[in-house]
Amino acid sequence: NDRIAPPPELNITLPTARDFDSEPYDCSSNEIQSQLPTDILLITANDHEFNACYSYMKHVQRGYSTKLGMVDFGRFGDQNNPNVRVALMKCRQGPTEALIAVRNAAESLNPKVVLFVGICASMERAKAKLGDVVISAKLATYDHKKFKADGTVEYRGTKSNVSKNMARLILNAAHGWKPPLKDPKSLDVEVHHDAVMLSGSDLVNNRERRHELLNYFRDALGLEMEGA
């Protein structure tokens, strides 16, 4: 049954495009330079992903450079102690665009951590349901493949681990976190903190294709289709 129930109400109001600063500072200005170096760089591909990340940032200032485009700088933390420096930016979909965005941002912002934030499909709905949080500890790719003479496909993707420091941190990622739900009982949100994320540039929107990939990548829990 692929029918989707209406999502539960949130206890926060997500910003829209009209809420963002339309007059950015130059990234070489004192206002933006005072935000560097960045602790966490967040990268998204879609507007709704960007808006969700933006809603958690405090003291936001928008910067612009020809190398990075628009970047929003702000802080994470309590209202009285926002001590984590965050930069948020969007990139075009696709592995090449994501690689260029990370490389340019790493050179300019010198972040300690780079996180791609977005939605993903569940490879096994019995394990990860709609609304769950999937944190990738490993990233597997399915774009590289060989078509054999007998018509079968051999996948030759790579599997990469996050850094050892991040691997330790994400084990406790769910501690103290509460989903932003108006009624906490409206959805049982589970955080999968040691997941294998399958990544590629194909749009996989049917069960047959998903099952085919699952036969080759049996430990994959999430599937992102933006090639990031």
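This is a predicted model: local features need pLDDT of at least 70, side-chain atom pairs count only at pLDDT 80 or more; totals for chains, interfaces and linings use all residues.
**Entry 1: helix H3**

Next I looked up which residues of H3 are buried, and the list is Ala 98, Ala 101, Asn 104, Ala 105 and Leu 109. They cover an arc of only 140° around the axis, so I note that they lie on the same side of H3. I remind myself that an α-helix has 3.6 residues a turn, so residues three or four places apart point the same way. On the face turned away from the buried side of H3 I found the exposed residues Thr 96, Leu 99 and Glu 107. Just after H3, I noted that Asn 110 takes a positive phi of about 50°.

**Entry 2: cysteines**

How many disulfides does the model hold? I looked for pairs of cysteine sulfur atoms within 2.5 Å, and the count comes to 0 disulfides. For Cys 27 the reason is distance, because the closest cysteine sulfur, in Cys 91, is 16 Å from its own sulfur, which is too far for a bond. Cys 120 is in no disulfide either, and its nearest cysteine sulfur, that of Cys 53, is 14 Å away. I also checked accessibility: Cys 27 counts as buried at 12% relative accessibility, whereas Cys 120 is partly exposed with a relative accessible area of 37%.

**Entry 3: Glu 224**

Is Glu 224 buried or exposed? I placed Glu 224 in strand E13, residues 220-224, and found that it is buried, because its relative accessible area is 10%, under the 20% cut-off. Its side chain is joined to that of Ser 199 by a polar contact of 2.3 Å. Not counting residues up to four places away in sequence, Glu 224 touches Cys 120, Tyr 142, Met 197, Leu 198, Ser 199 and Gly 200.

**Entry 4: the sheet that includes E13**

I then followed the strands and found that 5 of them form an open sheet in the order E7-E13-E12-E8-E11, with mixed pairing. Strand E7 (121-122) and strand E11 (159-161) stand at the edges, each with a single partner strand, so one side of each is left without a neighbour in the sheet. I looked at the pairing of E11 with strand E8, residues 133-141, and noted that they are antiparallel over 3 bridges. In this pair, Lys 138 stands opposite Asn 161 in E11.

**Entry 5: strands E1, E3 and E4**

Strand E1 (residues 25-26) and strand E3 (residues 58-65) run parallel, and I found 2 bridges that join them; here Tyr 25 stands opposite Gly 63 in E3. E3 also pairs with strand E4 (residues 69-78), this time antiparallel and by 6 bridges, and Tyr 64 stands opposite Met 70 in E4. I noted that E3 and E4 form a hairpin with 3 residues between them.

**Entry 6: Asn 51**

Last, I looked up Asn 51, which is found in helix H2, residues 47-54. Asn 51 counts as buried, because its relative accessibility is 15%. Leaving aside neighbours within four places in sequence, Asn 51 is in contact with Leu 14, Pro 15, Thr 16 and Phe 20.

Key: Residues are numbered from 1 along each chain as its sequence is written. Side-chain values use heavy atoms; hydrogens and water are left out. Buried means under 20% relative accessible area, exposed over 50%, partly exposed in between (1.4 Å probe, protein chains only). Two strands pair if DSSP finds at least two bridges between them. Helices (H or I, at least four residues) and strands (E, at least two) are DSSP runs, numbered from the N terminus. A polar contact is a pair of N or O atoms within 3.5 Å; within protein, one must be able to donate a hydrogen and the other to accept it, and residues adjacent in sequence count only if both atoms are side-chain atoms. Contact means heavy atoms within 4.5 Å. The arc is that of the directions from the helix axis to the C-beta atoms.
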